[in-house]
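Here is a short note to read alongside the structure. Please follow the points in order.

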Amino acid sequence: MNEWFEAEQRAERALQFVESQRWAEALAEIEAAIAINPHNATWHAQHGYLLEELDRTLDAAEAYEQSLALDGDDADVSLALGVAFLRLDRYAQAVELFEELAVVHPDLEPAYCHRISAYTELGRHDRAEEMFYLAQQLDEDCPHCFFSMGASLAARGQAKRAIFCWKRVLDLEPTYIGVNRRIAQAYRAQGRLDLAREYFLAELRDDPGNTDLLFELADLSIESGQFGAAAAKLGQILELSPMHPRARFALGNLWLRRNYPKQALECFREVQLDDDDDPRLSPALLDEKTGEALMRLGNFADALPALQRASKCNKPSARVMMLLGNCLMGLRQFESAADCYRSVLAHDAKHAQSHHNLAVCQLRAGRFDSGLAHCLEALRAKPDYTTAMYHAAIAMMELGQWAEAKKMLTRAKKSDPENEAIETFLQGLWKFRLRSWGYRCISIFGFKAPRKIKLQIHLE
């Protein structure tokens, strides 16, 4: 009898600890009570509740299942188990449980309400909408129903109706967590950035320490061209979490975008990646951006190993291969650079910049026919590619195609009338032709015409 009395006392102390939100101490007491008497369904339910408060959802689900094994008629515990299944992404199990619950308790609105989000996650939006209208018959002012219905509509691309549902949530419950953010995301998807910012800020006022939300605001500011505001938001994240790798990387990317490679490089070098980081922020991506910053600083030798590492990932992007090729060009390793551009063209035969930069490599090697061919391919893919016109004119000049070179330079001038290099080349073309004729006349003495036209590498 003393043991049963002790179990009751421990369960009572657990409730006292719950009232003061001392979750860990409450958990210890209820577990002690269950150890003495494992046949009390209510204590198992309380155990599940405490485990959820401590973010141990999987353990909580097991506790609820133990409670239902002892008392299968408890609707509240069944609901709690179903919600736990939703949090564990076990949507089919949640649906099955809520369906069974609705059979026994047909007037229990949450049994329909929670199925809206479950069906949404399963992609069964027709069933989600059916559950919404069934739930409305029982409670037409349930904010959870409108929130979940908004998510279903948004997933189907019906942003306007989704926003209507989410604004209805705010009417019913102005402090509903996450709804302002959903409205902001919907407006952003529509390109209505000012409205998106308004709702993001409203969400941030309710949750000022949410670094994910601050990150979205920073990203929105970048999209709006408000780089100062973006830097400020990223700075807030780093104040809250100084080692936040995504924020530090994004700040470096922002510096790079604004053409401050030195500051960008400092940020990239401070990024410390962990296994739990966002998979979109990979070592290969960090190497790519570090290499790009070093290249912009003119440090091609140090950029090369970083870009080589980035190129060795499973599927290196065209951008990585272009950067690596440009770096090798900066180091005057033209044959290796050409291989990089060819690897891009193997997957995208119309990649204009690859054709152009490969043309530059060919011109450097004195292969003017091939260089001209790639310049013309670049212009087929991108007719206003002024730099490709410039280099096509060089190739034509070297091949003695003077009339064609003049036409190409005239086209380039029309495309970019402020380009001084094109104007100088066009105005001096007759001199190059005369000089070429003169050098052919004296070539018997072993002289070669010096190159007077500079090859341009156009990095994008």
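1. In this predicted model, helix H22 covers residues 368-381 and helix H23 covers residues 386-398. Their axes cross at roughly 150°. Angles over 145 degrees count as roughly antiparallel, and H22 and H23 are therefore roughly antiparallel to each other.

2. For H22 and H23, the axes come within 9 Å. The crossing of H22 and H23 is left-handed.

3. Which residues of H22 and H23 meet? From H22 they are Phe368, Leu372, Cys375, Ala378 and Leu379. On the H23 side they are Ala388, Met389, His391, Ala392, Ala395, Met396 and Glu398. By type, the residues of this contact divide into 10 nonpolar, one polar and one charged.

4. On cysteines, how many disulfides does the model have? The count is zero. A disulfide needs two cysteine sulfur atoms within 2.5 Å. Cys165 is in no disulfide, and the nearest cysteine sulfur, in Cys145, is 10 Å away. For Cys327, the closest cysteine sulfur belongs to Cys340, at 9.3 Å, which is too far for a bond.

5. Are Cys165 and Cys327 buried or exposed? Residues under 20% relative accessible area count as buried. Cys165 has 6% relative accessibility, so Cys165 counts as buried. Cys327 is buried as well, with a relative accessible area of 0%.

Note on methods
Residues numbered from 1 in each chain as written. Predicted model: local features only at pLDDT ≥ 70, side-chain atom pairs only at ≥ 80, totals over all residues. Heavy atoms only, no water. Axes fitted to C-alpha atoms, helices over the stretch in contact; angles between N-to-C directions. Helix = DSSP H or I, 4+ residues; strand = E, 2+ residues; numbered from the N terminus. Parallel < 35°, antiparallel > 145°, perpendicular 65-115°, else oblique. Left-handed = near helix turned anticlockwise from the far one by under 90°. Contact = heavy atoms within 4.5 Å. Nonpolar A, V, L, I, M, F, W, Y, C, P; charged D, E, K, R; others polar. Buried < 20%, exposed > 50% of the residue type's maximum accessible area, 1.4 Å probe, protein only.
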